[in-house]
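Hi,

Here is the structure I promised to pass on. Have a look at it first, and then read my notes below.

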Amino acid sequence: MDNIIDSRNAEKLQLDELFTQLDSSLDGLGSEEANLRLTQLGRNALEEKKPHPLAKFLSYFWGPIPWMIEVAVILSALARHWADFIIIMSLLIFNAIIGFWQEYKAANALEALKNQLALMGRVRRDHQWADIDAAKLVPGDIIRLRLGDIIPADAKLIEGNYLLVDQSALTGESLPVSKTVGDVVYSGAIARQGEMLALVIATGSHTFFGRTAKLVESAGASSHFQKAVLAIGNYLIYLSLALVAVLIVVQLFRHAPLLDLIQFALILTIASIPVAMPAVLSVTMAVGALALSKVKAIVSRLQSIEEMAGIDILCSDKTGTLTLNKLTLGEPELFAAGDAQELILAGALASKAENNDAIDLAVIGGLSDARILEEYAQTTFIPFDPVGKRTEAELRCADDRVFKVTKGAPQIILQLAQVSAEVAERANASINALAKRGFRTLGVAQMDDGQNWKFLGILPLFDPPREDSEQTIREAESHGIRVKMITGDNAAIAREVSGQLGLGTNIQSANKLLKEDADDTPPDAAKEIEKADGFAEVFPEHKYRIVKLLQERGHLVAMTGDGVNDAPALKQADVGIAVSGATDAARAAADLILTAPGLHTIIDAVEEARRIFARMNSYAIYRITETIRIMFFVVLAMLVFNFYPITAIMIILLAFFNDVPIMAIAYDNAWLDPKPVRWNMRRVLTVSTVLGLIGVVETFGLLWFAKEWMHLNIGQIQSFIFLKLAIAGHLTLFVARTNRPLLSRPFPSPVLLWSAIVTKILATLFVLFPFGLITPIGWSDVGLVWAYCIGWIFIEDWAKLAVYKYFHRFPSDKPDVQPV
């Protein structure tokens, strides 16, 4: 291949010229030549610009929180508190290392998941059709484009009737554009209808999209949960600043050294800020995404995990999700056809085996001898589309006779053939009788004279329910999720299958329930949709409106889909789910991509999402509790006793002993809530405030006991209180991690448990052997603190259960953070 072709000029070139320049033919390339071109031109992908690891690491020293810590470092140096200086500086670097490493691991995990979502292209190599990674396509390849494909490279259409292409993402055109032989289609556009062969003319950065677009790393919109936690963070910062302001004013009136006071106030503020929050969020989400991938569900948008935990309605496709999607041909119903094999042959000629379509393969499989197809040459083929609902082929026999065949929805074929009222009545009776037995039906017609279609008969097809579907539906219901079946089949078939699955038989026809004009939708349609067990005769646009109306009724809705026209509904749904075998366009629009068939994968994903949500909820309660406990206690103690109850260095060490191990919560054994979960700020703040104020009381009590009864000096009291706050921190997490009793199952994971044990042992050893940094205390003092903390933890647990019991008796009507 001599040169790179500009795809913008390719339409001016004749096919022969392009084949010559690209050194290719209708048979495509050989593997050896394709690999050579791949080496020369690079992969068919836009190279992502990633920041240098060093620049990424240094970014952890830039921002409001690092700035505050760095100011504390400078103030320590100015005050010549070298021990404080060294420890604060060390912990600043340590925090950066931990944050960098955790984000690095999370990024690698997400990169691995993203690789599983790579686009595939159907290409002709070595005279055979095969599916390959679209990134391996090269100029000169012959590819097949069909309904639902995201076009993988710039290509010139060379064979087929037409291709309706949505290129709005590239050109801004709102309506799909019809393309035919000789036209150029661009990488990134979506095939909405039709099927054609195309010659790849440009890949990667040489495509129209590659030349004009910059690859933007989209961070994605924050989920309701993240917004709520960030709001909590802001609240804690404002609360801390207010308390610190009170402290500074009072201490200035007491003539405290200004530099020491500012340093202490700054460090106290830092300790109250949820420094570890971004790392905990990203690690928990990434770990959760990996866990979901193990149950064959790949998350394309991490924030959707929260919505997944809260879904209460699942609209599921029937075919392939509730059923096996393994169609079997039944006994044909003959009309104008001479015998069953004649009818099946006509249906098979209106099919295309290389498309691997389940219906086409079932019809072809009904032939007594498939070699009979070799006697006919298929000159044109119009594939199935959701609007026309039929396929059509033109054929040439060995004797040069030309005729057409079509197969599709029986009502469409009957209308096309303009049958008599008598034939229509008989056909409809047959269709309804078969439907009651769970059969889908195809009408088949043939045109011999170039003008009139002849209705040959009906081919019944049966797609049996999956063995696990009924049990999985029961599991979904026990999880508080109502499953509604969605199908394009008629109401009779839908009712039969729905009844077999135990979903109920209240099946609504989408055509009757939802008028063509959305403005004409009956006012009670939303209620009818809410009550329905499923929907029949559904077009893709109906899915979108069903989701929208259910959301208006206050539901969080998950919607499954597999076709290009399902994309709007998948985008609108709170959780869009692309089922196994979905088109590239559906996968691109979905939040969750299933790599295994069946409904059970979705239920597994919901269970995992609820566990992830529980971990995040635990972290939020713990973080608020700790800030209230430390801030209120320190300020109150200084106002009452006029001395620092803990030193600046102790506050920094507390952040280390409590915040760094908290990342282990991402691996905790979380309790699985049997009902959908949504963010409830009122409950979280109430639980946190109660636990936090109990912590203030218990810490103040210990301070009073150490000062008035044990007569410890200030240095010993500070070490005493430091150990108490360090031990109580993780013990409070064990209380906050569940809304059930402390010692009930599931118990903490080994990772979380041992992170607490190790850090508490380190804190204990530090007060026993402080290397001159703080005043040491004795073993008996340590034992007293441990016993005191363990005793109070059961009081905290009792108070927590009382709060949850109150909310159970008097629940709020709606969650504080509403779904959109």
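Leu753 sits in helix α28, where helices (H or I, at least four residues) and strands (E, at least two) are DSSP runs numbered from the N terminus. Because its relative accessibility is 34%, Leu753 counts as partly exposed; that class lies between buried (under 20% relative accessible area) and exposed (over 50%), using a 1.4 Å probe and protein chains only.

A word on the source: this is a predicted model, in which local features need pLDDT of at least 70, side-chain atom pairs count only at pLDDT 80 or more, and totals for chains, interfaces and linings use all residues. Residues are numbered from 1 along each chain as its sequence is written, and side-chain values use heavy atoms, leaving out hydrogens and water.

Helix α28 (residues 750-768) also gives a nonpolar surface patch its largest share, 7 residues. Which helix does α28 cross at roughly 145°? The partner is helix α29 (residues 779-809), and the two axes come within 10 Å; axes are lines fitted to C-alpha atoms, for helices over the stretch in contact, with angles from 0 to 180 degrees between N-to-C directions. At this crossing, Lys760, Thr764, Val767 and Leu768 of α28 meet Trp779, Val782 and Trp786 of α29, contact being heavy atoms within 4.5 Å.

As for the whole chain, you will find 29 helices and 22 strands. Of its 820 residues, 53% are buried. Among contacts with a separation of 6 or more, 73% join residues 24 or more positions apart.

Enjoy exploring!
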